[in-house]
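Subject: Structure for your files, with notes

Hello,

Here is the structure you asked about. My notes follow below it.

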Amino acid sequence: MIPLKNDTFLRAALRQPTEYTPIWIMRQAGRYLPEYNATRKRAGSFLGLAKNPEYACEVTLQPLERFDLDASIIFSDILTVPDAMGLGLYFAEGEGPKFERPLQTEAAIKALPDADMNDLKYVFDALTLTRKGINGKVPLIGFSGSPYTLACYMIEGGGSDDFRRVKTLMYREPALLHHILEKNTQAVIAYLNAQIDAGAQAVMVFDTWGGSLSASAYEEFSLAYVTRIFAGLKRENEGRVVPRIFFTKGGGLWLERMAGCGADALGTDWTIDIGEAKRRVGHRVALQGNLDPSVLFGKPERVEAEAGKVLTSFAHDGQRDGHIFNLGHGISQFTDPANVQALVDVVHRSTRR
Ligand code: CP3
């Protein structure tokens, strides 16, 4: 086993003391990096990249070469799981993800097979290969979509503005939606445990669309299942705790309830003041976030000033521990990498204790 040189991120996720505030960036391997676009071109497509462990490893490592980040996240996608249930994932150029066989009839929902973990071997192989490639520099994060967010794509057949189909099912045939969520929950537990076995040192669950729900629907259709996922995950591997992060975009109103789901850290988007979030969750969980990704469209001085506001707000009680700096959502493809450099530097420089 290769020793881990920088475990700052893992300690922060568990609210243990750190020498400075760690930072990583959601979608840090992506189209804002010219080297990513070059590898993607060689791979032929996004899925060609994600499904090939050598390419996935290569692009996972790219942001670490450029920036002094404190964690890496395996290059993949949340939609690999419904793909392994036979829904046929594809990317229509310029249109985002789509499924060839979305779940739009009762018969299709009832016939939904379990996700075949053998079909996800490319993800586990990519993790094992990437762990070797990182060579102990920083920890490697594995991830999954939440059962509800996966169900949104599986039922809508792609992205949606109003989630009309999934919400129609919710309010007409809730048992059918619960059936899908149950399948997704079992799949995500198996998927994340296999990622841990393959080398993931922390795991994150992305609930991108949970924030489109009412408070009560969020509890019933998203949070309840995420709570079961965390209860079903391995707690330790290689003699260390495997921290869990849970992110609901738009979940700022429900942080107290999210803090009881079994996650060690909660991701927050930029709509909530992170100091207020900390006051509300107290010492129950660490927090990850929460700079508006659009701040990176500003000049470097503005990026530094806005990052400073997040850091100052978090440290309102004189305590910086328990904060993982990140954006409030994925980095935009139109970001200038020089601003990412400025951001990483200012977070490290201004928080060193
Ligand atoms: O953070 C990382 O560097 C890891 C990589 C990662 C990707 N997708 C790569 C990706 C992660 C963690 C995801 C998760 C993901 N995928 C989520 C949850 C997080 C979030 O952003 O809300 C969701 C909802 C998806 C589904 C998905 N995949 C969408 C909506 C898209 C299209 C996005 C777009 O801007 O076109 C994807 C494709 C995708 N996944 C890209 C990347 C880098 C861009 C595709 C490309 O290179 O063509």
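Is strand 8 (residues 244-248) largely enclosed by the rest of the structure or left open, and why? Strand 8 is largely enclosed, because 5 of its 5 residues are buried. Buried means under 20% relative accessible area, exposed means over 50%, and partly exposed is in between (1.4 Å probe, protein chains only). Helices (H or I, at least four residues) and strands (E, at least two) are DSSP runs, numbered from the N terminus.

Before the rest, two notes on the source. This is a predicted model, in which local features need pLDDT of at least 70 and side-chain atom pairs count only at pLDDT 80 or more, while totals for chains, interfaces and linings use all residues. Residues are numbered from 1 along each chain as its sequence is written, and side-chain values use heavy atoms, with hydrogens and water left out.

The sheet

In a regular strand the side chains alternate between the two faces of the sheet. In strand 8, R244, F246 and T248 point one way and I245 and F247 the other, and all are buried. The strand belongs to an open sheet of 7 strands with parallel pairing, in the order 1-4-5-8-9-10-11. Strand 1 (72-73) and strand 11 (323-327) stand at the edges with a single partner strand each, so one side of each has no neighbour in the sheet. Two strands pair if DSSP finds at least two bridges between them.

Strand 8 pairs in the parallel sense with strand 5 (residues 202-207) over 5 bridges, and T248 is the bridge partner of D207. With strand 9 (residues 265-267), strand 8 pairs in the parallel sense over 3 bridges; here I245 stands opposite A265. Strand 9 in turn runs parallel to strand 10 (residues 286-291), joined by 3 bridges, with G267 opposite Q288.

Salt bridges

A salt bridge is a side-chain nitrogen of Lys or Arg within 4 Å of a carboxyl oxygen of Asp or Glu. By this rule the count comes to 22 salt bridges.

- K234 and D197 form a salt bridge, with the closest N and O atoms 2.7 Å apart. K234 lies in the loop between helix 11 (215-231) and strand 6 (236-237) and D197 in helix 10 (residues 174-198), so the pair ties together parts 37 residues apart in sequence. K234 is partly exposed at 31% relative accessibility, whereas D197 is exposed at 53%.
- R235 and D264 meet in a salt bridge (2.7 Å, N to O). R235 is in the loop between helix 11 and strand 6, and D264 is in the loop between helix 12 (255-258) and strand 9, 29 residues apart. R235 is partly exposed at 34%, but D264 is buried at 13%.
- D317 and K278 also meet in a salt bridge (2.7 Å, N to O). D317 lies in the loop between helix 14 (300-314) and strand 11 and K278 in helix 13, so the pair ties together parts 39 residues apart in sequence. K278 is buried at 9% relative accessibility.

D273 lies in the loop between strand 9 and helix 13 (274-281) and is partly exposed at 40% relative accessibility. D273 and F314 are 41 residues apart in sequence and 8.5 Å apart in space, C-alpha to C-alpha.

Regards
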